[in-house]
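Open the structure in your viewer and get ready to show side chains. We will go from stop to stop, looking at aromatic rings and what surrounds them.

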Amino acid sequence: MLPRLIDQSRSLPVYLEFISELQARAFEGEISTGFSDRVVLATDNSIYQILPQATVFPRSINDVVCIAKAVADPRFATIALAPRGGGTGTNGQSLTDGVVVDVSRHMNKIIEINADERWVRVEAGVVKDQLNSALAKHGLFFPPELSTSNRATIGGMISTDASGQGSCIYGKTRDHVIELTTVLLDGTVWQSGLISDEQLARAQGRTDLAGKVHRLVDSIEREHSDLISRQFPKLNRCLTGYDLAHIRDEDGRFNLNSILCGSEGTLCFIVEARLNVLPVPKYSALVNVRYGSFDAALRDGQALIRFGAASIETVDSKVLGLAQDDIVWEDVKRFFPTDAGERAVGVNLVEFVGETESAVEIPLKKLTEMLGTAGTANDRRGFTIARGEHEVSRIWEMRKKAVGLLGNMHGEKRPIPFVEDTAVPPENLADYIKEFRAALDKRGLTYGMFGHVDAGVLHVRPAIDMKDPDQEKLIREITEEVVGITQKYGGLLWGEHGKGVRSEFSPKYFGALYPVLQAVKAAFDPRNQLNPGKIAAPSEGQLLAIDGLTTRGQLDRTIPARVRENFDEALHCNGNGACFNWDPDDAMCPSYKATRARRHSPKGRASLIREWLRQLAACGFDPATSALAMRQSPSWKDLLSRARNSWAARRGGADFSLEVKEAMDGCLACKSCVGQCPIKVDVPSFRAKFLELYYSRYLRPLRDHLVAWLETLLPVMARMPGLYNLLVASSPGRFGLRAVGLAATPGLSPLNLRRELEARNIKLATPSALRSLGDHERAKSVVLVQDAFTSYYETGLVLDLLDLLIALGFSPWVAPFRPNGKPLHVHGFLGAFERVALNNADMLLALGNAGVPLIGLDPSMTLTYRAEYAGALHPKQLPKVMLVQEWLSTRVGTPPSTATGFEFRLLPHCTERTTAAASLKDWEHIFAKFGATLKILPSGCCGMAGTYGHEAEHRATSQKIYAMSWANHVAENRGNGRLLSTGYSCRSQAFLIDREKLLHPVQALLNMLQPVTNPGG
């Protein structure tokens, strides 16, 4: 039986008192001291894990003022605070053992867009892509381009002075900050920007903290300008944090924002910003140059710079190789062909942008002519050209994913960030990287590289197993050597991603100026409470050390290796945060989008599972061995104990497993994480393993049993569909279903599939019948593998598919119905799932071995044969079942169609979109053969995946998820019959909420073969 887990770190009394003080001061945001929330916010995208005492989520500036004034109370002099945005930092910038102040959950409004004057005003929690989506309708954009742009917040970008692709023409974040609204530690709300000497004098005359910091910063500029000029390197990236070199601009105006941008939450709370924005370039082109060596790509960067590109990015073979296993590769592979069968070892991506076509084409032509004339000079292997926003953005998306893709290397050694954003003068980059690589090569390390050739910044992530104490020592060893190499070539250790824990090296780089930084910190934060130990510490304080904090590896190594291997789907999450994607029209991750709670994300759930496994290990409990034992034990065993435990839990009994269960319950099992997470964190898989163990301690609800065994029950219920439908539609029936936790229960189809098959002379497939077919018959035959939901709830759709196949000249067969087992897996009945899967697989293998292809209609159920079955069965036991479009696209000719010129729009199922992306192009190909156009719409989840939308407690959130994306698409296409959907659950949701009957693509194809006026109707 799963043990009770109560060995949790509780918040210190002074922090609980501080939280009570906030509540007494009418703090209106959310506050959490729950262990699960603290665990989830204990990591960012770095190697560290620091458990906070509490988390607060302010709703407004007034809430932030409340925090500042409360912490100013002498009682709370030891309280530490750390502002947090998207949590994408690679150096622990937002990690703290104090209070996390997370502005991303509520303070995320775009306040004002002034398109005429080209500026915007936003709250600090606004995500960069969210802002650019709103600006797009005005033809504007906020330019600093980050790989994490779909989850990085504006406040976080300002705090790290973020830059990225295109920085040589667009600059860094601070170059676009017009005005900041901040809350100082005395509670003063201050607006800062370029000011005249007269305005500066008025600010200096104030008696509050704002006056103090203006007096100090002005004196620093006047007294240390010569030293500042000598000490600060002349680099595109400059020194992040406390930018003393730009206290005054070229016109002599004072700007406090130069100190605040890049200050990493060590000086104040950034709550709002006014930013300048730029026109979106109307034209773009990207030249993808391939090389025989990575060194050649780096050295060629200098030759490419002179053509005036907006940006030049480089990617090595390691990243390209990993990209081929990711969903992103399907859209970009044609731009990276092999040369004589070999993949390029290095690639330079050279982008040209402009307001006119000629502004792009003239320099582009000069570059391509040079490349064509030079041939294989500089070890070039060839080039391709991408034109227009659609093509160019796909390649940049691959480049953006480079960070995460590196984390998906196989094995226990994974590339990690700790020396990954060094910057040197671009002309020194190739020689610098040669020494850098030598330092890694002599230690036998593998690594991936990518970065900004034009800016002299290269991201290098050595692969290290941090669970190994000996390998962990390499963090110190390599960092010290890289610091020396970087200084040798006139560069910086932190050129782009901020200092954070690496602030240890601030004195080495700032030299005589470091005491000046200490004075700045002391002026803003007299008691060293804001993100202490980072960038600068007061004279009596200490900077953090790169090997002085707890790392994730140190905690993970306490979990036995066999347990880590069994929960591999969670343990390799590196915190990159791709699951925090802002875009409502992106499938990842619906539960996070709806709740904005980090624990309801793949990263959050993976973090909780890691902690859960760690606590189980401390108890001496082996999850893998226990799960196998449970499957061999009668289900009624320990029933009384489980009942007592469930009763205690309902009465408030403490158990960390209960907190993990709450987070797992929010998962829709849509599998977007599997396809879109660069690490392939697979929440549905480790969720199922967790549920199996969880219910060894607690009673399963009756609903779980009903849903899990639904596939077995449906054939029986389908014998009396009228009676069943009357029951579920009646008031007593709905009340009973609600009583067991079910909602939105669908009715069975009145059609009897067996009778309809007989009417069409379609037979159930058997191995002997298929083997008896002649070659010509076999070539025209195909077997439809039934799934419970289309066969019994949408029988008409199954018949439409069969009619389509017949109309196209094929001879369809139907496999006898057997449960697929997917509902069993979703709810953690893993022993039963394996038995059902094996039984079904045996039948399907026998049919497939008869030489006739197998196809499935519902994508979620069909893809189970590739995912869940692969995790439960031996590879030789796996049947090959194709999605209907995968098979049809290779077989369909050019049928007679009445729909030439018609356009249809498709909303795929999440699982299909993210784990079988190539199959969506198959749909496009098929519709083109029919003379019609099919457009795949970007969309999020419908909210009905798995059984989530049928669970009473989740029904409201399910509808919220639907409203975020699907509702808009349905409204735009209401009643025209041209909006199609592949998922049974998706069509059900659209009908339940909008009463809109969406067609499946095969129904639209069937209509196109019939002489109808409206082929979508």
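**Rings and their neighbours**

Start by selecting Arg 995 and Phe 991: the charged end of Arg 995 sits over the ring of Phe 991, 4.0 Å from its centre. Here "over" means that NZ of Lys or CZ of Arg is within 6 Å of the ring centre and within 35 degrees of the ring normal. Next, pick Arg 598, whose charged end sits over the ring of Phe 580 at 4.2 Å from the centre.

A word on what you are viewing: this is a predicted model, in which local features need pLDDT of at least 70 and side-chain atom pairs count only at pLDDT 80 or more, while totals for chains, interfaces and linings use all residues. Residues are numbered from 1 along each chain as its sequence is written, and side-chain values use heavy atoms, with hydrogens and water left out.

Now for ring pairs: the whole structure holds 22 aromatic pairs (rings of Phe, Tyr and Trp, its six-membered ring, with centres within 6.5 Å; planes under 30 degrees apart are stacked, over 60 edge-to-face, the rest tilted). Select Phe 18 and Phe 76, an edge-to-face pair because the planes are at 75°, with centres 5.3 Å apart. Phe 18 is buried, at 0% relative accessible area (buried is under 20%, exposed over 50%, partly exposed in between; 1.4 Å probe, protein chains only).

Last, select Phe 567 and Trp 612, edge-to-face at 6.3 Å centre to centre and 75° between the planes. Both are buried.
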